[in-house]
Amino acid sequence: MSNWLDLYDDMGNYLAPSMAKDHPNIPVVKEEGCYYYGVDGKQYLDFTSGIAVTNTGHRHPKIVQSIKDAADNLVHGPSGVIMYESILRLSEELGKVLPGNLDCFFFANSGTEAIEGALKLAKFVTKRPYVVSFTGCFHGRSMGALGVTTSKSKYRKFLQPSHLSYQIPYADVKGCPEGVDQEVYCVEQLEKDFKRLFNHQVTPEEVAAVIMEPVLGEGGYVIPPSAWVKKVREICDEHGILLIFDEVQTGFGRTGEWFAAQYHDVTPDIMAIAKGIASGLPLSATVASKELMKKWPLGMHGTTFGGNPIACSVALTTLEILHEENLVENSKVVGAYAREQLLKLKEKYSIISDVRSAGLMIGIEISNPQTGELDGQAVMKILDYALEEGVLFYLCGNVGEVIRMIPPLTITKEQIDDGLAMLEKAIQRYLEEQ
Ligand SMILES: Cc1ncc(COP(=O)(O)O)c(C=O)c1O
């Protein structure tokens, strides 16, 4: 057999180029804990968690065992044809960590599918045609989810969805004038935005749902004031509109709470969860209260692979590990430590224009210090240099201006120090070249 690196060099001919070379895309042979191991034998500290998925660390021994044990009994459902213990036990356990009365589940495979389920449920139950989303939010790439995704216009190019949704601005935390209370400013803006929308474009009675990321992810890691999120809840309640939280990225301890809903102390009517749910196995869910789910009759939605028995068993083990190892608390404590260290770096390097974080969901914004412009080009270079040093970061933001730091929740303060020392070297190298 040929060396697979020959295939790697030629991957654009095998894998759709639209996907094949996301950044940084290094060839890897093994993953363990907070590290990847490259074909070059090099160890890479991972600050991406496979895009917020491996919250329990890579290949946690209990996860590996759980996969093996589950595969000894059942590999495939589907849950519409047979019934199995893991899917029911998982529902029971998830209900204990989700906020409020969110305890009834439709299991699927990916984040975008969980969003499809949420939108379908909201429209069916309310019999209303429209959905409102926030500019900058990312909700997935299937056509329904794309209809409410506006983090980058390129995702919608030539694919503009035929069903209508309306967008209003996300919490404008950076636009707040000096001396004005940020919370008050954001809430006032939100009230104006909804008023404008309801007066000029769509009546509230036609709106099935408002969908939002309770912390902005792909769009640039913005943490809105909780008062702003609460105001969204209030406006929805006033008009009988369902509130959907997309917690695909923020879930399972990422923000230092089980879900961002608890971070803001706001319970939505419907939630979409995925990514960190099963430590790397494909699984997601649309979640609502029993009362709401029961209004969605038999046959209105379905799946062949969703709620796979191995994935459900592994999700149960994931919850066990998050509990046993106190990883939600670790996210809060180590996240606060990382923030402190990053603020010190911000003092030293004016290229860092902002540090935004909730738990271990951390964004490091990079701007050109001379012009003040957000600088996606600089981020690409810094990430490449950081990779050469031995640490993997991801990126986000409309022009890729934010270094996205989302390590496994098992990360230690020492590993944070290691990673940030490598980031600092990468920044220095970038600056020396300017
Ligand atoms: C907030 C959010 N929603 C939805 C999705 C889509 O998830 P998936 O890629 O599993 O379809 C993502 C993926 O990055 C996400 O971050």
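Me: Which residues of α13 are buried?

Reply: In helix α13, the buried residues are L327, V328, S331, V334, G335, Y337, A338, Q341, L342 and L345, where buried means under 20% relative accessible area, exposed over 50% and partly exposed in between, with a 1.4 Å probe and protein chains only. Helices here are DSSP runs of H or I with at least four residues, strands are runs of E with at least two, and both are numbered from the N terminus. This is a predicted model, in which local features need pLDDT of at least 70 and side-chain atom pairs count only at pLDDT 80 or more, while totals for chains, interfaces and linings use all residues. Residues are numbered from 1 along each chain as its sequence is written, and side-chain values use heavy atoms, with hydrogens and water left out.

Me: And what do the buried residues of α13 pack against?

Reply: They pack against α12 (309–324), β11 (352–358), β12 (361–366), β15 (402–405) and α15, with contact meaning heavy atoms within 4.5 Å.

Me: Switching to the sheet, in what order do the 4 strands come?

Reply: The order is β1-β2-β3-β13, in an open sheet with mixed pairing, and two strands pair if DSSP finds at least two bridges between them. Because β1 (28–32) and β13 (391–392) stand at the edges with a single partner strand each, one side of each is left without a neighbour in the sheet.

Me: Which helix packs on the sheet?

Reply: Helix α15 (residues 413–432) does, touching β2, β3 and β13, and its direction makes about 105 degrees with that of β3; the axes are lines fitted to C-alpha atoms, for helices over the stretch in contact, and angles run from 0 to 180 degrees between N-to-C directions.

Me: How do β2 and β3 run, and how many bridges join them?

Reply: Strands β2 (residues 35–38) and β3 (residues 43–46) run antiparallel and are joined by 3 bridges, and Y35 has L45 of β3 as its bridge partner.

Me: New topic: how many aromatic pairs are there?

Reply: A search of the whole structure finds 11, counting rings of Phe, Tyr and Trp (its six-membered ring) whose centres lie within 6.5 Å, with planes under 30 degrees apart called stacked, over 60 edge-to-face and the rest tilted. The rings of W4 and Y8, for instance, have centres 6.4 Å apart and planes at 85 degrees, so that pair is edge-to-face.

Me: Where do W4 and Y8 lie?

Reply: Both lie in helix α1 (residues 4–9), 4 residues apart, which is about one turn of the helix. W4 is partly exposed, with a relative accessible area of 40%, and Y8 is partly exposed at 21%.
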